[in-house]
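Hello,

Here is the structure I promised to pass on to you. My notes follow below it.

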Amino acid sequence: MAGVTGVSSRALASPEYRWKMVTTWPKNFPGLGTGANYLATLINEMSGGRIQVKVYGAKELVGALEVFDAVSRGTAEMGHGAAYYWKGKSRAAQFFSAVPFGLTAQEMNAWLYHGEGMTLWEEVYEPFGLVPGAAGNTGVQMAGWFNREINSVADLQGLKMRIPGLGGEVLKRAGGVPVLLPGGEIFSSLQSGAIDATEWVGPYNDLAFGLHKAAKYYYYPGWHEPGTTLECFINKKALESLPNDLQYIVRMALRVANQDMLADLTAKNHRALEQLVNVHKVQVKRLPDDVLGRLRTLSDEVVAEEAAQDPLTKKVFDSYLNFRDQVVPWHRISEQAYMNARSPG
């Protein structure tokens with residue numbers, strides 16, 4: 001992560017507020033865990049030391065999938081994770097992380113900051129006493145690691161795959177078996193055969209987990225997570241206890257961390273991919289067109305059905321879909337057209 005400059009350590013005051021941040025990631029895990037560390041450093045230094053945030057990795061204070069409840073009840077002031085982990089709390093939460101064949105990182109940030117996204121996200125988390133914010137983005141992910149080749153839709157039948165959120169529901173509809181596991185349990189589950197496949201993030205993060213040692217085939221594109229937003233949620237009472245200037249600093253630190261993670265992963269993913277291919281001899285393969293086509297059809301069905309389950313989820317879905325319908329035509333003649341023109345042949 002980029003360094004934080006402009007605040008002398010000598011200028012840091014004695015902390016007026018000592019906060020704990022619990023995360024769903026292993027301690028100091030590259031990209032995601034270090035993203036949480038960077039956010040804490042931003043808040044510490046931007047506040048001149050008036051706030052001191054201590055980061056706890058998964059299981060250090062609470063379990064990886066317990067951080068939402070921990071911050072909600074005030075055990076910690078901040079949590080760092082991904083909103084699709086909290087489907088059991090609110091179906092609507094999933095739309096603030098990743099939607100299969102949905103918004104890219106650039107489009108997601110536009111919806112959150114200049115559409116209705118943030119207002120709706122705050123409405124979804126309000127009953128839990130939490131204030132959410134975007135705190136990173138992975139960009140388009142890889143489709144994942146597989147212990148068998150995927151040559152047709154039939155190969156998805158019975159496939160036990162670690163895949164959370166809406167993507168997991170789509171896989172289930174396609175005949176697979178989605179499994180929800182925190183990051184720290186993925187490698188052992190894949191290596192032991194408890195699961196047949198897993199998605200995680202992309203080359204930089206996947207190399208750090210050593211997933212190439214447990215699976216042979218590395219598939220793309222990440223249809224299920226085209227621009228995954230990582231989140232930081234804050235205990236509302238804790239946030240409101242801060243003076244206005246510190247509340248603003250915390251919110252702006254989230255914006256900086258959000259952009260920095262995307263830049264960090266963009267810079268490091270290809271170098272990691274080269275190492276996976278050239279050193280570890282990983283086979284990188286594209287999912288067949290018929291598989292992607294079937295997943296896209298099922299995604300439309302699953303997302304619409306999920307949205308119809310309750311009024312709040314429908315409200316979020318409608319906003320998300322309307323924004324996608326507005327931004328995609330522009331990106332078709334801007335980003336997509338340029339990418340196509342830049343590609344050789």
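Phe146 and Tyr219 are both buried (under 20% relative accessible area, with a 1.4 Å probe and protein chains only). Their ring centres are 5.3 Å apart and their planes stand at 80 degrees, so this is an edge-to-face pair (centres within 6.5 Å, planes over 60 degrees apart; for Trp the six-membered ring is used). Phe146 belongs to strand β5 and Tyr219 to strand β9, so the pair ties together parts 73 residues apart in sequence (strands are DSSP E runs of at least two residues, helices H or I runs of at least four, numbered from the N terminus).

Please keep in mind that this is a predicted model: local features need pLDDT of at least 70 and side-chain atom pairs 80 or more, while totals for chains, interfaces and linings use all residues. Residues are numbered from 1 along each chain as its sequence is written, and side-chain values use heavy atoms, without hydrogens and water.

The count comes to 22 aromatic pairs. Another edge-to-face one is Phe95 with Tyr320, at 5.9 Å centre to centre and 65 degrees between the planes. Phe95 sits in the loop between β3 and α3, and Tyr320 in helix α11, 225 residues apart. Both are buried.

In α3, the buried residues are Ala105, Glu107, Met108, Asn109, Trp111 and Leu112. They pack against α4, β4, β10, α9 and α11 (contact means heavy atoms within 4.5 Å).

The charged end of Arg255 sits over the ring of Tyr113, 3.9 Å from its centre (the rule asks for NZ of Lys or CZ of Arg within 6 Å of the ring centre and within 35 degrees of the ring normal).

Best wishes

Key
Buried < 20%, exposed > 50% of the residue type's maximum accessible area, 1.4 Å probe, protein only. Phe/Tyr/Trp six-rings, centres within 6.5 Å; stacked < 30°, edge-to-face > 60°.
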